[in-house]
Structures are given as structure tokens and as C-alpha cells.
Amino acid sequence: MSAHHSIFGVFSEENITGVANKNQSLKRTIINYLDVTAHATIADLSMELGISPPKTTSLINELIQDGLVQDEGKIDSTGGRRASMFGLVAESCFFIGVDVNRYSINIGLLDFKKNLVTVKMQVPYNLENTKESFEELITIIKKFIAELEVDRNQILAACINLSGRVNTTNGYSYSYFHFYEEPLSATIENAIGIRTFLENDSRAMAYGEFHIGTVKTEKNVLFVNLDYGIGLGILIDGKVYYGKSGFGGELGHVPLFNNQIICHCGKKGCLETEASGQALLRIFKEKIEQGSTSSLVKNGMLPEQLRLDDIIEAANNEDVLSIELIGEIGDKIGRGIALLINIFNPELVILGGSLIETGDYIRLPIRSALNKYSLSLVNNDTQLRLSKLGKKAGVVGGCLMARNRLLSMV
Ligand SMILES: [Zn+2]
């Protein structure tokens, strides 16, 4: 018997009725329970599901036949009684996460037990809102799948992280690749032959941190993505917050400045016009034009060729102009986060995105701005930490999104 047909049976959304439907739903509950507890006995499961031990045994046997669950042997429980423990089978099925960045793609494969088994970082790519850029994305995903050693039928879902406005419920993207009438998720699904979800890039990174990153017991957490843009992921009472259409968290477009700079969203005075990586590049070029010096320019690089990574690297190599400008945008980012702290009273704010590779150069001005601009009674509750997953936050979060949305656990 080939296992993947049964796996699809458990996760299928086809309309089945009566006993089969009830059993499918109970099997999903067992999977969700084992996901949280790692192992459980028939007695645990029977109590959790409110069904008899013989019925539980029969469902567990079906899940074992499906290849999703295994008997892990007898393990001493606290009372000294020995009962068989059951757990998920890591290599029974897999999930793909695709983290699309401005100049590169990170792509990874996660197994059923949330281990990242393969990851390819920094695959060169140019994100533009063109059909060519879209085709290139599809090519990169197909190549990654073709090189995997797992049976492609065992890959149950993929999640694509894109910046900008993404409606995760219907799979439409409004900032990139919106040339087709059908949802973008459906176009990608047809092209790669795997069930596909879309997610906003910052929210996917936040999701990675919330599940296997720096978040431990905290339930009210903000994740701020500091990159070319400024993104936000929000966790309230332990649940990811989306807003009505999935557009919640547009911190970058909060109109904090009374300037005349037109943001790429079309409005004026957005936080991104003065505090994003994009703004940092613009200000850096202006400073060079006004006669400031930097090791980057001395090394022969033309200001228009500069990428954000160049300034980050220069700062880490003690380039004074880069360090100063990162300090200036850090103060402005801090103003934006102060606003969030006053509104949300979070217990933890995580800083992520490529700018955090400058460490204290970005963290300290943000910390000091938080003290300056937010209410001290409120910010006393808030810890500020750097992302633990770092560059991998997006790919880990994307894989977890694919897995957990298929299991209906998001
Ligand atoms: Zn804007």
C-alpha cells in the first residue's frame, strides 16, 4: 500500500459524510494532540477525545497504517505502569517554505515533526512585479523540489512568503504578481503541483519566532521586520492576528512624519520613508552627494549600486557614516515601536530582518527611543530581544505555516 494516498485521506477537504467524516476529524484531533504533547498513550488519547479506549485503539491503528503515527514502545509513566506511547512519524510527510526577498530566496523543507531537513539560503533572485520574475520564482521552487531526496507525493503543502498586501484566506496578492484573475496561490499550486498557501513575509517570520524561535511562554508579542521595508507580525493571546483581510500590521505605512517624501505605497510621510532600509539607502546616497565620506565609496562602489547588505557590512566593519545613519533610523524605528507599545502593552518585542545583523548599532538607538517615546509604566512590561532564527526566520515560518494551515492549526 502506498502511504501517501492515505495521508491525503486524513488531510483531504473533500466532502465525506457520516462515520468516515467523524473518524477523519478524530484522526486530525489525535494528530494535533500528538503535535503538542510529542507522545501519548491510548488512555491519554481516549480521555482527550472523549471516546472509548477500543475506539481510540482502532483509530490509532488506522493512523499507523497510514504511516503517520508509530508505536514508540513502552515508556515508564509516573506511576510505574508501563503503557505503549504513540507519536508522529517525522518522515511521513513534508512541507515547503519559500521566503521571497528583494534579491534572494530562502527555501526549505520541514518534516512532520517540525525538523527543518533541507534548507537552501540566499538563492540569487530579483523580486520585481513582472511575469519574468514570477516565472523565475516558479523555476527556483521546481528545481528545489527536483533535487530533494523525498518522494514528491509526500510533500503535502507549500507556503510562499511575499512582502506587501497578501490575503491569506483567498490566496490573493495585491503587491506582487497580480496579473492573473485567479488567486496567486492557485497559479503557483498549478505550476508546482503542490497545495499552496500565501503569507505576508513579516508575518511568516513572526510565526517562525513564535513557534520555534525566541518566544517561550509569552502570549502577547510583536515581531518587527527591519529590512528594505518595515513589517510587523502580531501575536495576541497566543494567536496570530490578521485583521479582516490579512492586511493587519502595516507599521511601515503609519504616517509618523510630516515630510514631503512619497512612499512607494503612494502616500506621504510613512514610517518607511524615513526609517526603513530603503530610506537608509536613500539617505546614505544623499550624504555622499553632499560630500560625506564612507569606506564603501572609497572602495570604488557607486552609490547607485549599493544594496542594504553593503551598508550593514560596512557598519559592522566600523564605517562611521553607516553606523551614524543606522543610529538615526534606529531612533525613528523606536518612535514607531513606542506607538505600538502604548497601544498593545506587549510583553515582548522581537526585532528581526537583515538590519539586526548590525547588533547594538540598531538595537541601542531603538531601546533608547522606546524609553524616550513610550509611557514608562507600559514599556516597563516590555522586553526587547533580537530574533533567534535570524535569516532563517522566514523559511522556518513559511514551512510551519504550510504544515499548520494544512492541519488547520493556525
Ligand atoms: Zn507608505
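A polar contact is a pair of N or O atoms within 3.5 Å; within protein, one must be able to donate a hydrogen and the other to accept it, and residues adjacent in sequence count only if both atoms are side-chain atoms. In this predicted model, local features need pLDDT of at least 70 and side-chain atom pairs count only at pLDDT 80 or more, while totals for chains, interfaces and linings use all residues. Residues are numbered from 1 along each chain as its sequence is written, and side-chain values use heavy atoms, leaving out hydrogens and water.

A polar atom of the Asn-106 side chain lies 2.7 Å from the backbone nitrogen of Gln-122. Asn-106 is buried, with a relative accessible area of 2% (buried means under 20%, exposed over 50%, partly exposed in between; 1.4 Å probe, protein chains only).

Aromatic rings come next. Eight aromatic pairs are present, where rings of Phe, Tyr and Trp (its six-membered ring) pair if their centres lie within 6.5 Å, and planes under 30 degrees apart count as stacked, over 60 as edge-to-face and the rest as tilted. Phe-134 and Tyr-180 form a tilted pair, at 6.0 Å centre to centre and 55° between the planes. Phe-134 belongs to helix 5 (residues 131–146) and Tyr-180 to the loop between strand 8 (172–173) and helix 6 (184–192), so this pair ties together parts 46 residues apart in sequence. Phe-134 is buried at 2% relative accessible area, whereas Tyr-180 is partly exposed at 30%.

Note on methods: Helices (H or I, at least four residues) and strands (E, at least two) are DSSP runs, numbered from the N terminus.
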